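I opened the notebook to record what I looked up in this structure. The entries follow the order in which I looked.

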Amino acid sequence: MKKTVVLAGLSLLATGAFAQTNLQVFYDFGENREFITSTLEMFKSDNWGNTFFFVDYDHNWKNADDKVMAPNSTYMEIARCFNFWGESALAPMSLQVEYNGGFGTFGNGLGAFPVTNAWLAGVDYFVHSADFANTLNIKFLYKKFIGDEDSTPLQFTGVWGFQDLFGVKGLRFSGFADFWGQKQAFADEKNEIKTTDWVFLSEPQLWYAIGQHFGCENFNIGGEVEISNNFTQEGFMCNPCLGVKWNF
């Protein structure tokens, strides 16, 4: 499941939109995954800043006939950026608060585990080209997992977006990279327990507005690659996905 924030927001800023909701549907080709994930995103700006949220569902709960019947896990993030000083030299800087949380299952629903509630607060710095076609956000956040006294409570985030990449209208390269402190324990192949202190996750995406050729720019095709270290399991993972996106 994705762990992104303000990705849709930056995409919309780049195209000059005030508010938008989109639905993304991916097929995950990663090892031992091979399931569909849906993501509903919303971004809206206002006079006090902007709000962004997304909700992920992994659709991989199967019945006795091996048919997918329901989502098997879910995750959400909601973030609010405050900016009351848009006319000053500090205009690129916003204050951000955020919530993350969810749950997952294993053994096809026989067991469950929480994606622990986390609260974040910090600063967001936004830079962009003159036409907002190319954007970059850099975030420095305090991150607190509820009930976790051992993890380093920090997260560093970068979010980028490049519109009409290589001069191709409708081709967009976007993504994020998160690096945060979280003490975790994993069992290795010898069933020995190892602990890790930091997690890395990045999801670069490439979208093409193919619908522009059929009179409907809402429809996009593309995909993403989930690149991670110590995220859901010890060590490095790379999970490619293909998908479609509809902008409402």
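**Salt bridges**

I counted seven salt bridges, taking as one a side-chain nitrogen of Lys or Arg within 4 Å of a carboxyl oxygen of Asp or Glu. The model is a predicted one, in which local features need pLDDT of at least 70 and side-chain atom pairs count only at pLDDT 80 or more, while totals for chains, interfaces and linings use all residues. Residues are numbered from 1 along each chain as its sequence is written, and side-chain values use heavy atoms, with hydrogens and water left out.

I looked up Glu226 and found a salt bridge to Arg33, with 3.1 Å between the closest N and O atoms. Because Glu226 lies in strand β14 and Arg33 in the loop between β1 and β2, the pair ties together parts that are 193 residues apart in sequence. Helices (H or I, at least four residues) and strands (E, at least two) are DSSP runs, numbered from the N terminus. Are Glu226 and Arg33 buried or exposed? Both are buried, where buried means under 20% relative accessible area, exposed over 50% and partly exposed in between (1.4 Å probe, protein chains only).

Next I took Lys139 and Asp124, whose side chains meet in a salt bridge at 2.1 Å, N to O. Lys139 is in strand β9 and Asp124 in strand β8, so I noted a link between distant parts of the chain, 15 residues apart. Lys139 counts as buried at 2% relative accessibility, and Asp124 is buried too, with a relative accessible area of 3%.

Glu149 forms a salt bridge with Lys144, the closest N and O atoms being 3.4 Å apart. Here I noted that Glu149 is exposed at 66% relative accessible area, and that Lys144 is partly exposed at 22%. I also wrote down one network, in which salt bridges that share partners join Asp28, Arg33 and Glu226.

**Gln24**

I found Gln24 in strand β1, residues 19–28. Its relative accessibility is 1%, so Gln24 counts as buried.

**Cores**

I looked up the largest nonpolar core and listed its ten residues: Ala118, Leu120, Leu141, Phe145, Val159, Phe176, Trp180, Val199, Leu201 and Phe231. A nonpolar core is a set of buried Ala, Val, Leu, Ile, Met, Phe, Trp, Tyr and Cys residues joined through side-chain atoms within 4.5 Å. At least two residues of this core come from each of β8 (111–128), β9 (134–145), β11 (171–187) and β12 (193–202). There is a second, separate core of five residues, including Phe43, Phe52, Phe54 and Val115.

**Pairing around β11**

I then followed β11 through its partners, where two strands pair if DSSP finds at least two bridges between them. Strand β10 (residues 154–163) runs antiparallel to β11, and nine bridges join them. Gln155 has Trp180 in β11 as its bridge partner. With β12, β11 pairs in the antiparallel sense over nine bridges, and Ala177 stands opposite Ser202 in β12. β11 and β12 form a hairpin with five residues between them, and Asn191 in the turn has a positive phi of about 65 degrees. With strand β13 (residues 205–208), β11 pairs in the antiparallel sense over four bridges. Trp207 in β13 is the bridge partner of Arg172.

**Phe214**

I found Phe214 in the loop between β13 and β14 (219–229). Phe214 is exposed, at 67% relative accessible area. From the C-alpha atom of Phe214 to that of Phe43, 171 residues apart along the chain, the separation is 26 Å.

**Ile221**

My last entry is on Ile221, which is in strand β14. Ile221 counts as partly exposed, at 32% relative accessibility.
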